[in-house]
Amino acid sequence: MQTIPILPSDPEWNKIDYLIKVGLSSTSVDIQSIDMLHSRATHDSWEKGLANCTILDSFVNTNELSVVNSIHDIQARKGTISLNPPMRFSVGAMRLPADASRKEDEHEVLYCRIAIDHALALETTSQQFLDKLPPGYDCFQILDPPDRSADDVYYHEYVMTNEAKVLPLFVVRFVFDPDGDMWKRNPICKYCNKKPAEVWCIQDAAKLCQGCDASIHDNHPIFGDHKRVPLHEADFMTPCLEHKLPITMFDMVSGQPMCLECPMTGGHAHSPLLHERVIPLRDAFETNATELKAATDAVRHKRATIRQQLATIDRRTSELHRNADEVEQVLLRLVKNLQQRLHTITQDKLDTLRSDTAELERQEGYFAWLDAFLQHQRKVVGPVELVPAMAAHKQLLQAAPDTVVAAAQEVFHDLQLQGDLQLCSVPLTPARSHQQ
């Protein structure tokens, strides 16, 4: 399986460029190349087959791929990522390798699309939990991923287990300058590299301070004709990097700004619909601003719905905790009543056994007491006194009750729980729901 390079004029290029810039929260990203792993037809077919899922964008640093998921291995498997073991995919803010601090470093990421049907939210990343995906779920979502920082507005991690729901689409190489936006907000003179820039020279495509502008252009036979404007007026005078001419047009299909020469070269040349897709830059700015406002208004309504749903979930969560506490109190009362009943029955049985024990020990003690005295008499008196004593002893023995306490015949270890104590979730009827 061979990768297919795409050109800057391809709409996908502009989309990926913007996704990376949003992911890094920086406009100082310069894409070097984008290679496509799957055809658009394959991509469209994959999305169509997962129409009921939520499709999310994810960038994976290629140097963090496992040994079985190198770009070469993915190509060998016809564009499939191995998810054995399950693999994490981040969504939102991008994380570059910790040692990638130089702006000239080239980064390589794998742009994937992941399909989420029903994610099980976990507060832990322990492997023992990740190995047990309950029925009804197709992946895990880590609620507090370790890579999330306090500054992240949008960052989520999913652990995917189904290879059919991960589509690696593009290998993207780009250069990122972490300080680039700072220099854009507070540009320094390109000539002296010291003072703040205040002037834009269109021909030199340079930002200059007032002093350097004067020393370069004033009274110079050639440079003196260069057109300069205040820096805040230069937004619509950025030169084309390829042709060095001012950018004055915009391709509505590819999303690329152009100069007068651009339509004659590259992917724009000989396009039969060029006059329809290319409009003046200022018109494109107004058109996109209007369309963006309409899209923002639609999203505002959607966000309001999302916030309502979140409020509903918060309320349901509180209700669920309260309901569980109420049921638990009922259970505790039932258990307490059962414990009291258990203690009462057990005490009754023990009282019976203890009473029988006391009576039997009394009977046994009575006979032992008489027998001990008889033995004492035999040692102390002679036959004359012993004979009447024996007769009296015999009368006491004969007068003793014949009935012996039938101990433990009515007491058994027969305590047991009967019936099942069941806990169930009963859907609320509209009336019950309203009452609660």
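## Close-up views of a predicted model

The structure holds 16 salt bridges. A salt bridge here is a side-chain nitrogen of Lys or Arg within 4 Å of a carboxyl oxygen of Asp or Glu. This is a predicted model, in which local features need pLDDT of at least 70 and side-chain atom pairs count only at pLDDT 80 or more, while totals for chains, interfaces and linings use all residues. Residues are numbered from 1 along each chain as its sequence is written, and side-chain values use heavy atoms, leaving out hydrogens and water.

**View 1. D57 and R113 form a salt bridge.** Their side chains meet at 3.1 Å, N to O. D57 sits in strand 3 (residues 54–61) and R113 in strand 5, so the pair links distant parts of the chain, 56 residues apart. Helices (H or I, at least four residues) and strands (E, at least two) are DSSP runs, numbered from the N terminus. D57 is partly exposed, with a relative accessible area of 22%. R113 is buried, at 9%. Buried means under 20% relative accessible area, exposed means over 50%, and partly exposed lies in between (1.4 Å probe, protein chains only).

**View 2. D138 pairs with K165.** The closest N and O atoms of this salt bridge are 2.8 Å apart. Both ends lie in loops: D138 between helix 4 (127–130) and strand 7 (139–142), K165 between strand 8 and strand 9. The two residues are 27 apart in the chain. Both D138 and K165 are buried.

**View 3. D213 meets R228.** This salt bridge spans 2.9 Å, N to O. D213 lies in helix 6 (residues 210–217) and R228 in strand 12 (residues 228–230), so the bridge ties together parts that are 15 residues apart in sequence. D213 is buried, with 9% relative accessibility. R228 is partly exposed, at 27%. Elsewhere, salt bridges that share partners join D35, E108 and R173 into one network.

**View 4. The largest nonpolar core has 24 residues.** A nonpolar core is a set of buried Ala, Val, Leu, Ile, Met, Phe, Trp, Tyr and Cys residues joined through side-chain atoms within 4.5 Å. I16, I20, F170, V172 and F174 touch the most other members. Helix 1 (11–24), strand 2 (29–36), strand 5 (106–116) and strand 9 (166–176) each give two or more residues. Strand 9 gives the most, with six. Residues up to four places away in sequence aside, F174 touches residues including I20, L24, V29, I31, M94, L96 and V109. Contact means heavy atoms within 4.5 Å. Apart from this core lies another, of 20 residues, among them I74, I81, L110 and I114.

**View 5. E157 is a buried residue of strand 8.** The strand covers residues 155–160. E157 has 4% relative accessibility. Its side chain joins that of Y155 in a polar contact of 2.8 Å. A polar contact is a pair of N or O atoms within 3.5 Å; within protein, one must be able to donate a hydrogen and the other to accept it, and residues adjacent in sequence count only if both atoms are side-chain atoms. Beyond four places in sequence, E157 contacts R88, F89, S90, F140, Q141, I142, P145 and D147.

View 6. C53 is buried, at 15% relative accessibility. C424 is exposed, at 61%.
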